[in-house]
Amino acid sequence: MPGLTPGRRWQPAYSPFKKENFGDRALQVLEYSVKGPLFGCRMCGNCLLQETAFICPMECPKGLRNGPCGGSTSEYCYVDKTRPCIWYKIYERSFQLGREELLLEVLPPLDWEKVGQDSWRDVFRSVGKMGVRKAVRGLLSRSAERRKETWDGIFRPVRQPDWWQGDRLRHPPAYTEPVSDLERRLAAGEFVVTSEISPPLSSRTDKLIRDIEATRHYVSALNFTDNAAATPRMTSWACSQIAVDHDAEPVLQISARNRSRSNLQSEVIGATALGIRNILCVTGDSAKLSPAPREKMDINDLDAVQMLWILRRMRDEGRYLDGREIKYPPRFFLGAAASPFSSNPVFQALREQKKVNAGAQFFQTNLVFDINGMETWLDQLAKRNVLDKVYILIGITPLKSLKMAVILSEVPGVHMPMNVIQRMEAAHVAGKASEEGVQIALELISQIKRYHGQGIHGIHLMPVGWDEVVPRIVMEAGLMPKEFVFDQSSQQEWNNAHHIEK
Ligand code: SF4
């Protein structure tokens with residue numbers, strides 16, 4: 001366990017890909033001998049320690065470089081409960097040292113050519129560029145501002161290569177007219193509803209099409225999850241295309257897990273060519289949640305913040321990550337996940353602000369069962385001046401059974417108040433658990449609606465396979481879209497398929 005850092009390493013240090021001469025190897029060994037014990041360094045070759053309170057973030061099993069995932073807790077990493085969440089520790093120490101604003105800088109993905117190599121030579125090169133005399137004078141100056149400026153002048157080029165140039169600033173979209181119907185409704189001030197449909201487990205599409213047809217009139221857009229819980233299903237991309245073909249507006253969910261940077265960029269170019277206009281970037285559940293045998297679970301090529309940064313630049317600056325020009329840039333409305341109940345609302349607000357700065361235009365939150373907790377999180381976002389820069393849709397799940405309530409109460413990032421469990425227990429005994437679940441969802445929605453105009457812009461329903469409940473919830477909550485037309489024939493067909501009597 002490193003001396004000054006709170007964790008232990010997930011895996012051994014990276015090895016260089018290239019054959020190295022003796023001098024290079026000696027420098028790497030020296031750097032690792034110093035930085036390993038002190039900071040938990042894993043020799044990623046793309047050092048970020050200046051921005052992460054001198055704790056190496058590469059201990060995170062997901063390889064995240066821009067903050068904690070939605071499963072982060074103060075006690076442990078949800079992927080491996082025997083370890084602390086290293087990002088929680090980084091945030092904790094940054095706040096203690098007054099360095100928290102540094103966490104807003106959007107940090108690049110690894111340049112894998114540098115992986116396993118020393119980063120000291122990059123620092124020496126940076127000092128050389130600045131001029132050794134100027135660097136020494138700056139670092140020894142009596143002026144704290146000059147010291148800080150010199151320090152940053154040395155280390156910023158090390159962590160921010162020319163192909164990335166991340167910063168702590170907000171980058172609003174470079175267009176004015178909404179690119180999707182969802183964006184148009186939100187911009188017009190509607191309280192919108194989006195809903196998830198679980199992608200099918202096989203290549204048969206009849207149920208998927210029935211669900212799309214029957215739900216599309218009730219919601220502004222339909223989300224298709226991207227292998228939730230790291231468990232394969234039909235790809236979100238194919239479901240989104242089918243939704244477009246059936247006049248529904250999809251939200252294409254793309255998870256960083258299992259995706260390389262080139263794969264991400266080519267997918268969004270293709271998706272927008274096919275008419276998909278909403279893209280939700282998520283880091284994705286760890287493969288630890290997947291059924292066995294498990295795939296490689298230690299490293300992601302990208303995190304959600306980096307995905308937002310890359311996609312926003314493709315759209316607004318018309319260039320790929322490698323700098324090539326995109327003659328006809330893709331157009332899309334960019335979203336991200338937000339997590340009101342992960343780790344600590346103060347930390348989460350900073351993380352959400354970073355996503356907004358990187359390019360998130362809307363948030364779909366994790367499940368909310370606790371309105372007071374949601375308000376605490378909103379207050380923290382307000383303190384960070386974020387609420388007028390992003391549309392927020394609150395995640396609601398109707399509980400179908402007591403068992404579901406108990407399972408969800410154990411999911412990191414979900415807070416299930418005791419009174420919800422007690423209500424579900426009583427309803428379970430009376431044989432009315434699913435009805436109670438619907439009533440709880442309706443009560444939550446009615447309370448959330450009061451925040452319209454105060455930071456909340458709608459609801460994101462996550463029925464977890466209970467898709468037939470969506471029309472009822474939307475109708476009873478009085479949340480039908482403005483031009484709502486009841487399509488009786490498709491509704492009847494769908495009711496028949498789901499054995500529902502009306
Ligand atoms: S909880 Fe998430 S962010 Fe924290 S160390 Fe584990 S995988 Fe990384």
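This talk walks through the barrel, a pair of helices and the ligand shell of one predicted model.

The model is a prediction, where local features need pLDDT of at least 70 and side-chain atom pairs count only at pLDDT 80 or more, whereas totals for chains, interfaces and linings use all residues. Residues are numbered from 1 along each chain as its sequence is written, and side-chain values use heavy atoms, with hydrogens and water left out.

Let me begin with the barrel, which is closed and has eight strands running β1-β2-β3-β4-β5-β6-β7-β8 with parallel pairing; strands here are DSSP runs of E with at least two residues, helices are runs of H or I with at least four, both numbered from the N terminus, and two strands pair if DSSP finds at least two bridges between them. Strand β7 (residues 391-396) is joined to strand β8 (residues 458-461) by four bridges, and I396 stands opposite L461 in β8.

Turning to the helices, α3 (residues 120-130) packs with α5 (residues 144-159) at an angle of about 130°, their axes being 9 Å apart, where axes are lines fitted to C-alpha atoms, for helices over the stretch in contact, and angles run from 0 to 180 degrees between N-to-C directions. Therefore α3 is oblique to α5, a word for what remains once angles under 35 degrees (roughly parallel), over 145 (roughly antiparallel) and 65 to 115 (roughly perpendicular) are set aside.

Finally, which residues surround the ligand? Among them are C60, P61, K62, Y78 and I86, and a residue counts as near a molecule or strand if one of its heavy atoms lies within 4 Å of it.
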